[in-house]
Amino acid sequence: LRSQYFEMRSIATNSLLPLIVALLIAGSNASLPRRGSRNQSQNRTMSAGKAFKVLVTHPEVPQEGIDLLKENCEIVQVQSVPINRAELLEKIRGVDGVLWGGHEPLNAEALDAAGPQLKSISTMSAGIDYVDVPEVKRRKIPLGHTPTVLNTAVADLAVGLLIAASRRFHEGRKTIDNDKWENYHLNWLLGQDIRDSTVGFYGFGGIGQAIAKRLSGFDIDKVLYTTRRRVHKEIEEEFNAKKVDFDTLLAESDFVVIASPLTKDTQGVFNATAFNKMKQTAVLVNIARGKIVNQDDLYEALKANRIFSAGLDVTDPEPLSPKDKLLTLDNVVVLPHIGSATKRTRADMSTIAAHNVLRGLAGEPMLSPAY
């Protein structure tokens, strides 16, 4: 287990994805079965279609993933943006695999429309809260997702949000817009220091650890984390991290970073009770899911300066109305869920998702299974 752990960390941190992809292409091409053929020569000359039919549910899935699927599969693609549910349900009929490119509900309705021959699905995301996982599992359909590959991009953005919220970027910009730039006060727009701080993580998986790694360069004092299970001892030593209960995390952290999945247990856990346990100087950062935070309670806590500020890449709902009361506050930085939105990351996500689909079709373990 330790050797596997360090191998995966090396892959995630050193960006060896091109090598992995090259190896997987060879493996998938060698083992992927083809229908209606007895030898490879016959396969190459098939004119009636390719081995499998795969639906790509979004027209903007990067070409890297599409090209990989095209080597062995006939591709059907949803073309509407926003996604037209009727088009999706029509085009999913009779497919063997699905690369689920958006956040549309993946539920019994879609699975019924596809039909019983469906044998492989992969999302192109880390979180799968829009998937009816028990229903997919009940039908014994392999399900993949793409968590590790987006760790770097999301962690970079999380640090940016942490700095922006703690150093009052949004409020500072508004003073310029409103012609209120002051240069005569010594204590104007003072923020919070990152150095020597305690950073608390609600969820400390790959993304949380990638954030901690970046923050170590800011000379933080220590890391606290709240998770169901303790992480490896080596990880704790690397980040000077300690597992604590939720109340301790809230009470002792100068920065609280939400990096956990959305589940029935985590939904709404950051509420008025939680905010009242945090330091008044604390900064909240959420790069996970908006529903983990009770947004009305967060608004009240920020408005009353019960906590210092917040940096959010996710909200409830999404998209957030431009008239939402949260946007009237000076001490919150809000981004439109762009954590993984870099060209390289999106391309890598599509590649991993495509490999998940191909491996599921071949009856092989997925590169990144959801269960």
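**View 1. The cavity count in this predicted model comes to one cavity of 30 Å³ or more.** The model shown here, and in each view that follows, is predicted. Rolling a probe the size of a water molecule over the atoms shows where empty space is left. The largest cavity has a volume of about 30 Å³, and the residues that line the largest cavity are Asn286, Gly290, Val293, Gln295, Leu298, Leu312, Val314 and Thr315.

**View 2. Asp316 and Pro317 are joined by a cis peptide bond.** The omega angle of this bond is about 5°, and Pro317 is found in the loop that runs between strand S11 (309–312) and strand S12 (332–334).

**View 3. A cis peptide bond also joins Val81 and Pro82.** Here omega is about -5°, while Pro82 has its place in the loop between strand S2 (73–77) and helix H5 (85–91).

**View 4. Asp193, Asp196, Asp219 and Asp221 form a negative surface patch.** One of these residues, Asp193, lies in the loop that connects helix H9 (169–177) with strand S6 (198–202). Asp219, another residue of the patch, is placed in the loop between helix H10 (206–215) and strand S7 (222–226).

**View 5. The backbone at Asp219 has a positive phi value.** Phi of Asp219 is near 60°, and this positive value occurs in a residue other than glycine.

Conventions:
Residues numbered from 1 in each chain as written. Predicted model: local features only at pLDDT ≥ 70, side-chain atom pairs only at ≥ 80, totals over all residues. Heavy atoms only, no water. Patch = residues over 30% accessible without salt bridge, like charges linked within 9 Å, V, L, I, M, F, W, Y side chains within 5 Å. Areas by Shrake-Rupley, 256 points an atom, 1.4 Å probe, with all protein chains shown as cover. Salt bridge = Lys/Arg side-chain N within 4 Å of Asp/Glu carboxyl O. Lys, Arg positive; Asp, Glu negative; His and termini not counted. Charge placed at Lys NZ, Arg CZ, Asp CG, Glu CD. Helix = DSSP H or I, 4+ residues; strand = E, 2+ residues; numbered from the N terminus. 1 Å grid on protein atoms, 1.4 Å probe; cavity = no way out; pocket = protein on both sides within 12 Å on 5 of 7 lines; lining within 4 Å. Points joined across faces, edges and corners; volume = space filled by probe spheres on them.
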